[in-house]
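Please examine the structure displayed below, together with its sequence. The paragraphs after it are intended to guide a reading of the model.

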Amino acid sequence: MPSRVADRDTAPPPQENVRETSAAAAPTRRRRNILGGLGGWVWLVVIILPIYYVVITSVKEQAGFFSANALLPPADPTLANYELVLHNQFVRYFFNSVVITIGSVIPALLVSFMASYALVRGRGRFLSWTNSLFLLGLALPIQATIIPIYYMITKMHLYDTLLALILPSIAFAIPITVLILNNFMRDIPRDLFESMRLDGCSEWSMLWRLALPMTRPALVTVGIYNGLQVWNGFLFPLILTQSPEVRVLPLSLWTYQGEFSVNIPAILAAVVLSTLPLLVLYILGRRQMLSGLTAGFSK
Amino acid sequence: MSEILSRSRRAGRAGKVGRAGPSAWLAAPALAFFLGFAVLPMLGVVLLSFTNWDGLGAITWGGLTNWTHVLTSSVTATSLWVTAKIMFFSYIVQTPISILLGVFTAGRQKYRTVLAVLYFVPLLLSSAAVAIAFKALLDPNFGVGPALGLPVLAQDWLGDPNLVLFVVVFVIAWQFVPFHTLIYQGGVRQIPASLYEAAEIDGAGRVQQFLHITLPQLKYTIITSSTLMVVGSLAYFDLIFVLTGGGPGISTRLLPLDMYLTGFQSNEMGAASVLGVILVVIGLALALMLQRLGGKDRNVSQLEGA
C-alpha cells in the first residue's frame, strides 16, 4: 500500500497522533460510544465463556462431572486430570513441537531474508520471476498439495520423522515471510546502501550489517506468525507421522480424544496444557507480538 | 504483482554507481525450498489425478476415470456446496464483527486495551484445541446449554444436519475474528487523525465519521483481510475435521475434508488428487478475483498483506 507506507515513513507514530488528538480535542472526541462499548463487552463474553468452561472443567473430578452444573466451578478442584495427561507422554509431544517450530521458523526466516534482500535490491528476469512465484504461492492451499508431499516424503524415507514436518513447513512459510520482509526492506533508505558501498562494503556485509538490523522488527513479527502456524499445525503431522515418538501437541489432543473418550475433564486438561506455554509467552511478549502483527499485516 | 516487479527494477537502475546489485543466488535457497515442497507437489497433484494409487502400492495410469468419477459424484457436488456455504456465511459473519471490533480496539482507553488483550487469546489456540473445547461445550447433556437451564440451548448442535453448519460458522468466527480484528486495528490506527478533526468541525457524528472516513480509508485493509479470509476458508480443514469429522452424514464435509477422506481413508489417492486440483484452481481463482476487485493500479497491495 504505497501511499500509506509513505505516510508511515515520514510520520512514524500514527498511534501518537491518535493519543495526542484524543487528549487535545477531548471535549468533542469523548462522546460516549455506547453501542461500541456494549458490543465490545458482548464479544468479551463470547470469547471468555468457552475458555472459562475449559479451565473449570479441567479441574473437575471425572466422577462428578456428569451430574454437576457445567458452568459452576467445582467445590473441590483437583489436578488429577493434569497428572494423568502429563504421565501420558505430554512432555515428549511438547518437546517435539518445540523442535519442529524452531527447526522450521529459523531456516524459513534465514532463506526468506536473503531472498528478500535480493528481490528488493537486485534486478533481472530471474528475480522478478521468483517474486511472482512467491506471490502466487500465497493463494495456494496447503491441503491441495498434501498427497504429492506424502508421496515425496515416503520416497525420501522421511515418513514418520520430525524432518518430514519441518521441510514442507519451511516451504509454506516462505511466501508470506518474503512478502512482509519485502515491505520493510523497501523502506531502507537507498543512501545508506550507497554510503556503505562507498566505504567499500561488499553486498554480503551490507546484508548482515545494514539490512538485518533494519528489518529486525519484521523478522520478529513474521517469526512469531510462522511460529504460531507451525506450533498449531495439524495437517502435516496427521498425514506425515504416525508413531507416538514423533507426535506433536495438536495431534496429541486428537489422540487423547480417542484414548480418554469418556474422560472429558482429562481431554480439556490436555487442551489447557497445550495452550499454557503459548499463553505464558503471550503474557511476556504481548506488546511486541500484537504490535508487530498489526504492523506487519496492515503495512 | 507488476507493481512490485517494476518497483524492484526501478530500484535496480537507480543504483547509479553502475555496479551490479546483490547476487540473484541469494534467492536460490528460498526458491529451492518453495519449488521442491510447494510447486513440485502442485504439479504432482495434477499428474496423480490421472493415476490410480492406494497410497502404498504401485501407481498405475488411470486416464480420465478419476475425473469423470469425481466430477459426476454427488458427494463432490455436496462438498462444493458445503464449501461455498461455509465460505459465504463465515465471511459475512466475520467481516462486520472484525471491522467493528478493530475500530473499537483502536481506541487508546485503558479498558479497551485490557479487553483487546483477552480478545486475542484465541490466536494462540490450535484448531484442534478449539474444536475439542467446543465439542465438550456444546454437548447436549453436560455442556453449557443444559447448565444455563435453557432448553433452546440444549440442542444436539453437532448432530443436527440443519444446525451444524451454523455451529461450524460460529466456531470459525470465534477462532478467526481475533486475527482479523488485529488487522483492522492496525488499519484504523493508520488513518490520519486530521481527517476526523476536519469531520468534527463539519459537525459529522460518530456514525457519519465511520461511514465516510473510516470505511473508505480501510479499503485496502478490507481487501487484505477478505483475501485471507476467503482463501483461508479453504484451510478450515483441521477445525472441522476434529469438530464434526464432516458429519453428521456429509453435511459439513467441505472440499479439503472430502479430499482427505477420499485419499487417506478410502485410499483413493487418484480421486483425491482430482479434488486437490479443484482446490488449487478455486484458491487461485478467488485470489485473482479479489485482486481484480482491488483495482488494477493496486493489484498487489492486498496480496502484500496476505
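The model is a predicted one. Chain A has 299 residues, of which 57% count as buried. Its secondary structure consists of 15 helices and zero strands. Among the contacts in chain A with a separation of 6 or more, 74% are made by residues 24 or more positions apart. The accessible surface of chain A amounts to about 13100 Å², and carbon and sulfur atoms contribute 66% of this area.

For chain B, an unreviewed UniProt entry lists residues 80-290 as "domain: ABC transmembrane type-1". In the model, this span is 73% helix and 0% strand, and its end C-alpha atoms lie 20 Å apart.

The two chains meet through 125 residues of chain B and 117 residues of chain A. Together they bury about 10800 Å², with 74% of that area on carbon and sulfur atoms. On the side of chain B, B:Phe37, B:Leu124 and B:Gln190 supply 8% of the area buried against chain A, more than any other three residues. Helix α2 of chain B (residues 28-48) provides the largest share of the side that touches chain A, namely 16 residues. What polar links cross this interface? The rule finds seven residue pairs in polar contact, both residues being at pLDDT 80 or more, whereas it finds zero salt bridges between chain B and chain A.

Over all chains, the search of the whole structure finds three salt bridges. In one of them, A:Glu203 is paired with A:Arg121, with the closest N and O atoms 3.2 Å apart. This pair links distant parts of the chain: A:Glu203 belongs to helix α11 (residues 203-214) of chain A and A:Arg121 to helix α6 (residues 80-121) of chain A, 82 residues apart. Both A:Glu203 and A:Arg121 are buried.

A:Glu203 also forms a salt bridge with A:Arg197, where the closest N and O atoms are 2.8 Å apart. Why do these two partners count as buried? The threshold is under 20% relative accessible area; A:Glu203 has a value of 17% and is therefore buried, and A:Arg197, at 7%, is buried as well. Through shared partners, the salt bridges join A:Arg121, A:Arg197 and A:Glu203 into one network.

In chain B, a salt bridge connects the side chains of B:Asp258 and B:Arg253, at 2.7 Å from N to O. B:Asp258 and B:Arg253 are both buried.

Notes: Residues are numbered from 1 along each chain as its sequence is written. Chains are lettered from A and ligands numbered from 1 in the order in which they are written. This is a predicted model: local features need pLDDT of at least 70, side-chain atom pairs count only at pLDDT 80 or more; totals for chains, interfaces and linings use all residues. Side-chain values use heavy atoms; hydrogens and water are left out. UniProt positions are given in the numbering used here, feature names are shortened, and annotations may be inferred rather than shown by experiment. Helices (H or I, at least four residues) and strands (E, at least two) are DSSP runs, numbered from the N terminus. Buried means under 20% relative accessible area, exposed over 50%, partly exposed in between (1.4 Å probe, protein chains only). Contact means heavy atoms within 4.5 Å. Accessible areas come from the Shrake-Rupley method with a 1.4 Å probe; for residues, only the protein chains shown count as cover. Buried area is the accessible area (1.4 Å probe) that two parts lose on being put together, summed over both. A salt bridge is a side-chain nitrogen of Lys or Arg within 4 Å of a carboxyl oxygen of Asp or Glu. A polar contact is a pair of N or O atoms within 3.5 Å; within protein, one must be able to donate a hydrogen and the other to accept it, and residues adjacent in sequence count only if both atoms are side-chain atoms.
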